[in-house]
Amino acid sequence: MQLKVLALPGDGIGVEVTAEGLRVLRHVAAKFKHDLVLSEGLLGGIAIHKTGTPFPAETERLALEADATVMGAFGLPEFDNAPPDKRPERGLLGIRKSLGVFANLRPVKAYDALIESSPLKNHLLTGVDMIIVRELTGGLYYGTPRGITGAGDEERGTNTMTYTRAEIARITRMAFRLAANRKKKVTSVDKSNVLETSQLWRKVVEEIAPEFPDVKLEHLLVDNCAMQLVLKPAQFDVVLMENMFGDILSDEGSVITGSIGMLPSASIGGQKPSGAWVGLYEPVHGSAPDIAGQGIANPLGAIGSIAAMLEYSFGLLEEAAAVNAAMEAVLNSGNVTRDLKGTATTVQVGQAVCEAIG
Ligand code: NAD
Ligand code: IPM
Ligand code: MN
């Protein structure tokens, strides 16, 4: 089949890990005889440098034209003190909103070969296999009013956390549908003891749950969830939460796998004007300025995101399984990067995954 893919490598190690994701994608396309039509665009810091804006209109056009978009990471230290709307990260928020990808799936799985890489005790990791379902186009990240106003002691920063019933309902159904095909448990995370948005969240989740009678629902307050994730991570199946809670808890979840460099993600749910589904695929980690340019970033989160794209955007289950199996074989071989206590370079890991695919 034809695979029309847009790549937005971005900044820092985003460029390095995306190159390996695309190496694997080209390899899979050749092996399984797909017609890969690859284009590349600008988003983030590099887009600010080249066009003056983090999310150029041309990038939006290319993303709407593609069947799927793969991304690296966005953010450069030189913009650290810039206001939010002049930062590379704004490009990422812009493309997520523009494509309407409201569901961000972040699987967290303990691999046998990596048990020693995690700081958690081995016995806690047995059986850990969860998906964090993060609402991606609402909440504090997009709510208005926002901004900094006033001066002196009265200078005030404002952000608004807001959710509508419809926004909560669609992400809840996504979480339950996923759980129905897995371990049949949804843990909905909120702060309903304090926040009105969370009270509505809990109410809507409760109302939708009976549509999925074979899936068990439980609620957890977000502070307790942060603790349970490291105390007893194997209890979770699908963990549903709003945007910022999901951002924070997914980084915590990465500790289970041994490195944030391991985590892939799929952002789905958006539809083009034509009605076609849209998918955005990106590793969970950032541009890692501390190791950028050294060729030592772990590309497996980016490569796992390619597997997710093959599965969710193209329905190519055999191809996705081949990539996932090859990643596992590479992990078992010990040919891994420094974050996983190995000595391989980013490129060597990408090449090893291709060799393991065969
Ligand atoms: P980060 O994820 O970039 O790095 C956190 C730590 O994890 C660093 O020590 C880094 O070296 C390490 N790390 C991250 N990815 C790795 C990989 N693939 N292999 C090995 N080690 C890896 O988070 P940060 O340092 O807080 O943020 C840096 C910049 O990235 C900021 O500008 C931030 O806004 C941006 N950011 C972007 C994204 C994204 O584009 N999706 C996500 C998170 C942060
Ligand atoms: C992530 C990142 C982004 C987010 C930032 C860079 C905007 O941390 O994808 O986890 O908070 O969504
Ligand atoms: Mn994050």
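**Entry 1: the model and its domains**

I kept in mind throughout that this is a predicted model. I began with the domain assignment, which divides the protein into domain 1, made of residues 1-105 + 259-358, and domain 2, made of residues 119-132 + 156-257. I then looked up the separation of the two centres, taken over C-alpha atoms, and found 24 Å between domain 1 and domain 2. To the contact between them, domain 1 contributes twelve residues and domain 2 contributes ten residues.

For the area buried between domain 1 and domain 2 I noted about 960 Å², with carbon and sulfur atoms giving 69% of it. I also asked which residues of domain 1 lose the most area to domain 2. They are Phe102, Leu105 and Leu263, and together they make up 48% of what the domain 1 side buries.

**Entry 2: ligand 1**

I turned next to ligand 1, which has 20 residues around it, the closest being Phe74, Glu89, Gly286, Ala288 and Asp290. Sorting this shell by class, I recorded ten nonpolar, six polar and four charged residues.

How much of ligand 1 does the protein bury? Taken alone, ligand 1 exposes 800 Å², and I noted that the protein buries 69% of that area.

**Entry 3: ligand 2**

Around ligand 2 I listed Glu89, Leu92, Leu93, Arg96, Arg106, Arg134, Tyr141, Asp247 and Val284. I asked which element supplies the largest share of the shell around ligand 2, and the answer is helix α4 (residues 89-99), with four residues. By class, I counted this shell as four nonpolar, no polar and five charged residues.

Tyr141 has a polar side-chain atom 2.5 Å from an oxygen atom of ligand 2, while for Arg134 an N or O atom of the side chain is 2.8 Å from an oxygen atom of the ligand. For Asp247, I read a distance of 2.9 Å between an N or O atom of the side chain and an oxygen atom of ligand 2. Ligand 2 exposes 320 Å² when taken alone, and the protein buries 80% of that.

**Entry 4: backbone features**

I finished with the backbone, beginning with the peptide bond that joins Thr144 and Pro145, which is cis, with omega about 0°. Where does Pro145 lie? I placed Pro145 in the loop between β5 (129-135) and β6 (147-149).

Ala288 sits in the loop between β12 (277-281) and α10 (300-312). Lys341 is another non-glycine residue for which I recorded a positive phi, in this case near 70°, and I located Lys341 in the loop between α11 (317-333) and α12 (346-357).

Key:
Residues numbered from 1 in each chain as written. Chains lettered and ligands numbered in written order. Heavy atoms only, no water. Near = heavy atom within 4 Å. Polar contact = N/O pair within 3.5 Å; in protein donor to acceptor, adjacent residues only side chain to side chain. Areas by Shrake-Rupley, 256 points an atom, 1.4 Å probe, with all protein chains shown as cover. Helix = DSSP H or I, 4+ residues; strand = E, 2+ residues; numbered from the N terminus. Nonpolar A, V, L, I, M, F, W, Y, C, P; charged D, E, K, R; others polar. Domains from an automatic or database assignment. Contact = heavy atoms within 4.5 Å. Buried area = accessible area lost by both parts, 1.4 Å probe.
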